Structures are given as C-alpha cells and as structure tokens.
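User: Could you walk me through this fold with a few questions and answers? I would like to start with the strands and finish with the open space.

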Amino acid sequence: MTNQQITIATTIAAPIERVWEAYTTPGDITQWNFASDDWCCPSAEVDLKVGGGYKARMEAKDGSFGFDFEAVYEEVKPYKAIAFAMSDGRKARTTFEAAGNGTRVTTIFDAETQNSIDMQRDGWQAILDNFGRYVESSAGHEQVQGGR
C-alpha cells in the first residue's frame, strides 16, 4: 500500500531555538497540541532520540472521546529535522528552517485511509497553526526571561 503524502507548513515569528524547544518539550506540547478549543492535550512524553518514544494524550474537553497518539523517532537533528513512525506504520517528518526573522516549520506526513485528505490536512494544519500562535505568544516572555 502506498500512502499519499500531505504537506503542511507555517512560518513562526520566533527564533529557531525557541520553536524547536516548544515542539519537543512535553510542558509546551500540552499547551498547543490540539486542533480546536474543544480539545486538549493533558499529557505528553518525549524521549528525543532515534528509537525513543513520543506519546501525546488527545481528549475532547467534554470527555466524550480521547486517544493516545504514539510514535517512535527515526530521525532527530536538533534545530533541523524530526521524523517519526506512528503506531500504525505511517511516517511524518518535520523540518525547521530560518526564514527572515522567524522559522519555517514544514511537516510531510503519510495520509491514513479513514478520513479524507482535506480533513487530515486541515486537522494537522490547525494543530500546526495553534503551535505557531502558542510560540509567538510565549516567545517574547521567553526572550525577556532569558535576557535577565
């Protein structure tokens, strides 16, 4: 079976170091890893090395549905790229590139067969957009804290 690949991307007005940190730190992940305000990510686990695991709990805030998103890292190049294999065998790769005064984040992932390509792209893009908003809203605070 050949999976179709889907590409999503965003440019975030923050330095690549902060973007990487927010993308790979469990405490940050729980703040942005959901597509809409009626969902949440109550927990995340990251073992950021090749062969290490990633796990994020995704739940509807009303308690009606939830699932664990699990993967194993296949590539970890700090400030450049992360790739993982999901528990169903699909793969995803995210790259981080300096773009002017910000960081371009691009993810290419294998589509699954239960939902439409548009639905999958929209869902993953919504999470990535939420990530961008989170980093931009917290980046200034982080820079002030680090500059003391």
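Analyst: Happy to! One definition to begin with: two strands pair if DSSP finds at least two bridges between them. Please keep in mind that this is a predicted model.

User: In the hairpin of S4 and S5, which residue takes a positive phi?

Analyst: S4 and S5 pair in the antiparallel sense over 6 bridges, with Ala 71 standing opposite Met 86 in S5. The hairpin has 3 residues between the strands. The positive phi, near 65 degrees, belongs to Tyr 79.

User: And which residue takes a positive phi in the hairpin of S5 and S6?

Analyst: S5 and S6 (residues 91-99) run antiparallel and are joined by 5 bridges. Ala 83 has Arg 93 in S6 as its bridge partner. Between the strands of this hairpin there are 4 residues, and the positive phi, near 95 degrees, is that of Gly 89.

User: How many of the residues in helix H1 are buried?

Analyst: Helix H1 spans residues 16-24 and is mostly covered. Its buried residues are Ile 16, Arg 18, Val 19, Trp 20, Ala 22, Tyr 23 and Thr 24.

User: Which residues have the most contacts inside the largest nonpolar core?

Analyst: That core has 32 residues. Val 19, buried in H1, touches Ile 12, Ala 14, Phe 96, Thr 103, Val 105, Phe 131 and Val 135, not counting residues up to four places away in sequence. The residues with the most contacts inside the core are Val 19, Phe 96, Phe 131 and Val 135.

User: Which element gives the most to the lining of the largest pocket?

Analyst: The lining has 36 residues, with Met 58, Phe 67, Phe 69, Trp 124 and Ile 127 nearest the pocket's centre. Elements giving two or more residues are helix H2 (26-32), strands S3 (53-60), S4 (66-77) and S5 (81-86), and helix H3 (117-146). With 6 residues, the top contributor is H3.

User: Finally, how much space lies in the largest pocket?

Analyst: Its lining divides into 21 nonpolar, 10 polar and 5 charged residues. The space in this pocket is about 1100 Å³.

Conventions: Residues are numbered from 1 along each chain as its sequence is written. This is a predicted model: local features need pLDDT of at least 70, side-chain atom pairs count only at pLDDT 80 or more; totals for chains, interfaces and linings use all residues. Side-chain values use heavy atoms; hydrogens and water are left out. A nonpolar core is a set of buried Ala, Val, Leu, Ile, Met, Phe, Trp, Tyr and Cys residues joined through side-chain atoms within 4.5 Å. Buried means under 20% relative accessible area, exposed over 50%, partly exposed in between (1.4 Å probe, protein chains only). Contact means heavy atoms within 4.5 Å. On a 1 Å grid over the protein atoms alone, a cavity is a set of points where a 1.4 Å probe fits but cannot get out, and a pocket is an open set with protein on both sides within 12 Å along at least five of seven lines; lining residues have an atom within 4 Å of a point. Grid points are joined across faces, edges and corners, and a volume is the space filled by probe spheres set on the points. Ala, Val, Leu, Ile, Met, Phe, Trp, Tyr, Cys and Pro count as nonpolar, Asp, Glu, Lys and Arg as charged, and the others, Gly among them, as polar.
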